[in-house]
Amino acid sequence: MPIRLGDQIVVVTGASSGIGRATAQAFARRGATLVLAARGVAGLEAAALECRELGGRALVVTTDVGDEAQMRRLADRAMRLFGRIDVWINGAAVGLYGRIEEVPGEAVRQVIQTNLLGTLFGTRIALPIFREQGRGVLINIASVEGCVGQPYSSIYAASKWAVRGVGECLRMEVADAPGISVCTVLPGAVDTPLFQHAANYTGRAVQPLGRPLAAVRVAEEIVAVAGSPRRNAFIGADGIGLLLAAKQLAPGLVERGVAARVERNRFLDRPVPRSAGNLTQPLPGAVGGGWRRAAARRRGGGRLLLPLAVAALVAVPLGLLVWRQSRARA
Amino acid sequence: MANAVAAGSDPVNGMLTAAAAFLHGKALPRLGPPPLCGLVALLRGGLFRSAADKTDGEQAVELSARDMVAKYPRRRYPAVVLGPPNGALVHLCAALGIPWLPHIDRPRLGLAYKLFLTRCLPAGAAILVVDCVGCRRPLGEHPVFQHASSDWSLEAELVEDLRAIARSQDLALVRLGFSEPEDLSPLVADLYAWWYRRRSIIARRLLVTSYVVADPQWTFRVGAVPFWTDAIGESSAVGLERYLDARPPFDYINFALFQTARQDVAPAALAAPLVPVVASPLWLALLARARRRGESLLDAGEAAIHPVEPSRIARFEAAIKRIPARYPVPAPLPLEEFGGFLRYAGRYRVAVQPVDGRVRWYG
């Protein structure tokens, strides 16, 4: 049964920027009460102000999601003030671009700490509350990179792959509590400041692959998932089903295709110094990163996955045909 | 349906059903024979008669013991408890994942129990024997306070049988000595609270049940600390009050208190009006000690009615399921961890004494 969102208590981590901030706004528009968490107090205050203007209530709790004690404090404050938590969204994430052997160890640790440990801590803290309430919706924001790898993204992809795994395990663990839902949201490329904020050790400025989806669209989907929980919700990842099927049938072909596409479209023709981005300290937050406009100006700014999926669709039957014929000859 | 009613209210049968159902991984089944069975029995010109009904004396007791052990899953257990019907004991057995064999009124262990202990206890396992003088009265009668003694009050032959089987099977014999049925309740309640904490569950809810009512499965599912009372008289209320006085307050307190059934009550007397527990000021005051909400899971009418009617217990089941919290049923608590907890058990009126054999998990 769809859940009424107007009177919901919603905790959002990573609420000062990008998808988290857009999601907070989307819930606020429906009159929900938001508990906003992130490291940067300025971005949080701005997000809270937007939520209130949109008709929601908002509480700001400065939180580093990688610190379990701070996450507990976040939940305690929400429970003390509102007495319950209906939806908990683990949205905080940082990006890291670079070859696995070239990025500093500290950067690896930071990405895992925020993206994975942050999600695990949030989950560990939200679940007992949900169990006591007998209900609640946990939404973990993963990424399409939690299913399809890319070069220069191994740490980020590892964290998102793990987040998807956590959701899968957890759903089985809470199968005894029908009032509790665990959802994993897997967005494709989204227009957020993540690309500007990401740690980058590639030597070149990075951009989203193809024309990214507006964060507002992703936020609306997340609200829909909170209302009608789903296991895995792909957003802005057209053709992902086809691509995943193609990966099973012809993994080498798909990997070569993705790698070529990343080499062609990931980088801007602009050298940048090695940077830890927002790994260790928050940077000014915003919902969008201005990438949709940039993509519109570029030629051939289509989505990444659809062309890949179509290519795979053509290539896989061809490959199968060739394989069968070679077997027949043998 | 008089016999069907008796099957549901008989404390041994009711609690055994609960304890066995838990080890089978199930909630308390509907007590008493299924409705159609009564009809079939009536058509056959008689009501339910178990094998035990048809024979007399020692043979009947042995048959009844055989029925009892047959209820448990046939597997290896780290321990078995032998003791009188006691809700706290049922919860203790559930926590440890071990069977409870009712201490039936006979001076010897009997073949059925001996076989069960031989087959289900590996070498090094334990027989926990409850030795409780006050438990020998029918449940619900007024207790006379006695200090737990360190000497066995059980029949010498029974103790000798237990020692013999412990020696021959390399089992440990441990005496759980206490003087009144409710003496065990604070220990078990604290064990649950301690264990919940270890599982990162805050023990917010106290579930007080009386007489035959004990459903370990749903107690775990709603994350409740179980506190059992054998009756609903003043002394039971005082016992609960003493327990509450010495612990941090619970957010929620739930009562599922039934009038005590006694087998000697004539069916005609069952219809006589009884005082509803939930209207008693003594119990109401205890309910009011919940920090957030205290409520009886049964309404005044239900609580007042003699629990011989199985549908009343079914109402309790429905009521406990309405509690929103849902926690997983944990794997059994290892005896070593129970032993660790027991090292603090000096505060309770329960003596845990290894008698024979090696007891690695306690001492």
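**View 1. Helices α3 and α4 of chain A pack at about 35°.** In this predicted model, α3 (residues 68–82) and α4 (residues 105–133) of chain A have their axes 9 Å apart. Axes here are lines fitted to C-alpha atoms, over the stretch in contact for helices, and angles run from 0 to 180 degrees between N-to-C directions. Helices (H or I, at least four residues) and strands (E, at least two) are DSSP runs, numbered from the N terminus. The crossing of α3(A) and α4(A) is right-handed, that is, the near helix is turned clockwise from the far one by less than a right angle. On the α3(A) side you'll find A:Glu68, A:Met71, A:Arg72, A:Ala75 and A:Met79, which meet A:Phe121, A:Gly122, A:Ile125, A:Ala126 and A:Ile129 of α4(A); contact means C-beta atoms, placed from the backbone, within 7 Å. Sorted by class, these residues come out as seven nonpolar, one polar and two charged. Nonpolar covers Ala, Val, Leu, Ile, Met, Phe, Trp, Tyr, Cys and Pro; charged covers Asp, Glu, Lys and Arg; the others, Gly among them, are polar.

**View 2. Seven parallel strands make an open sheet in chain A.** Read across, the order is β3-β2-β1-β4-β6-β7-β12. At the edges sit β3 (57–62) and β12 (232–235), each pairing on one side only; strands pair if DSSP finds at least two bridges between them. Ignoring direction, neighbouring strands are turned by 15° against each other on average.

**View 3. Strand β7 of chain A (residues 180–187) runs parallel to β12(A).**

**View 4. Chains A and B meet through nine residues each.** The chain B side has five nonpolar, two polar and two charged residues. The model scores ipTM 0.71 and pTM 0.79.

**View 5. Two stretches of chain B, residues 1–9 and 261–275, have pLDDT under 50.** pLDDT is the predictor's confidence in each residue, from 0 to 100. Beyond four places in sequence, the model has 29 contacts for residues 1–9 and 15 for residues 261–275. Chain B as a whole has a mean pLDDT of 80, with 75% of its residues at 70 or more.

**Notes.** Residues are numbered from 1 along each chain as its sequence is written, with chains lettered from A and ligands numbered from 1 in the order in which they are written. Local features need pLDDT of at least 70 and side-chain atom pairs count only at pLDDT 80 or more, while totals for chains, interfaces and linings use all residues.
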